[in-house]
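Me: I'm new to this one and would like to learn how to read it. Could you walk me through it, feature by feature?

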Amino acid sequence: MRRKISALLAVLLCSLGAALTAACNSAPIAGGQNPDEQPDNGMNAVCPDFEVEILGEYEDDEEPEIYCPVNTRGKITVLNFWGVWIEDSLTELPAFYEVAQQNADTVALVAIHSAEYTVPSKDDEDELTVYESIVEKGWDKWNVTFAQDAEQKNGLSAYDLLGGLGTYPMTVILNEEGLISYKRMGITSAEQLQAMIGTLL
């Protein structure tokens, strides 16, 4: 009899453990966000300081312009980390541009290209630099700040500082005070972006 009770208790405890594990795995993340939005990684924190060079046509003796988050303080800032070789980025950025245009008075879009990409030699006519690729697509005419990520003083890139995990694209939204309000690894739809901006307006 005692063995039967022990066996029954063991089965019940295993079932309870399995149920709790399943519940934890399926439970919504704080704020109703998906795990890849990293709600526990800097959410509502001030965006870390970083400086990245703005891509453009510069004279040989001309210093590139610099973007840092304080430049767009006072606006909702969409930081999009992307790469010319990433199909999702090539789909996402035009959609982001349309959303930014619809909210031009209140939203700044900053597209920061991966630091991992080495610019090909201009002697190779089959390959384009990042900026040449932007120009070829006509994106240089957009009201968007295009910049190149780079190692910061602490040895990390801007992508690293904002919690990047090696996946592109990554989108980070800062509110008007420069606080991180949204973060997502992977593609974000225009509808999702507009909805997030709507919560900050």
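Reply: The secondary structure of the protein chain comes to five helices and seven strands; helices (H or I, at least four residues) and strands (E, at least two) are DSSP runs, numbered from the N terminus. This is a predicted model, where local features need pLDDT of at least 70, side-chain atom pairs count only at pLDDT 80 or more, and totals for chains, interfaces and linings use all residues. Residues are numbered from 1 along each chain as its sequence is written, and side-chain values use heavy atoms, with hydrogens and water left out.

Me: Which pattern does the protein chain follow along the sequence?

Reply: Reading along, you get α-β-β-β-α-β-α-β-α-β-β-α.

Me: How do I read the sheet, and in what order do its strands sit?

Reply: Strands of a sheet pair through backbone hydrogen bonds, either parallel or antiparallel. Here, two strands count as paired if DSSP finds at least two bridges between them. Seven strands form an open sheet in the order E2-E1-E5-E4-E3-E6-E7, with mixed pairing. Strand E2 (66-67) and strand E7 (180-185) stand at the edges, each with a single partner strand, so one side of each has no neighbour in the sheet.

Me: Is E4 enclosed or open to the outside?

Reply: In a regular strand the side chains alternate between the two faces of the sheet. In E4, Val 107, Leu 109, Ala 111 and His 113 point one way, while Ala 108, Val 110 and Ile 112 point the other way. Seven of the seven residues of E4 are buried, so E4 is largely enclosed by the rest of the structure. Buried means under 20% relative accessible area, exposed over 50%, and partly exposed in between (1.4 Å probe, protein chains only). Across the protein chain, buried residues make up 39% of the 201 residues.

Me: What do E3, H2 and E4 make together?

Reply: With helix H2 (residues 87-102), they make a right-handed β-α-β unit. Right-handed means that, with the strands pointing away from the viewer, the path from the first strand over the helix to the second runs clockwise.

Me: Where do the buried residues of a helix such as H3 fall?

Reply: An α-helix has 3.6 residues a turn, so residues three or four places apart point the same way. In helix H3 (residues 130-137), the buried residues are Val 130, Tyr 131, Ser 133 and Ile 134. Seen down the axis, they fall within an arc of 160 degrees, so they line one face of H3; the arc is that of the directions from the helix axis to the C-beta atoms. Their cover includes strand E3 (76-82), strand E4 (107-113) and E5.

Me: Which residues are buried in H5?

Reply: Leu 193, Met 196 and Ile 197. They cover an arc of only 100 degrees around the axis, which puts them on the same side of H5. Glu 191 and Thr 199, on the other side of H5, are exposed.

Me: What does Gln 148 touch?

Reply: Contact means heavy atoms within 4.5 Å. Gln 148 lies in strand E5 (residues 145-148) and is buried, at a relative accessible area of 16%. Leaving aside neighbours within four places in sequence, its contacts include Val 52, Glu 53, Ile 112 and Val 130. A polar atom of the Gln 148 side chain also lies 2.7 Å from the backbone oxygen of Ser 114.

Methods:
Polar contact = N/O pair within 3.5 Å; in protein donor to acceptor, adjacent residues only side chain to side chain.
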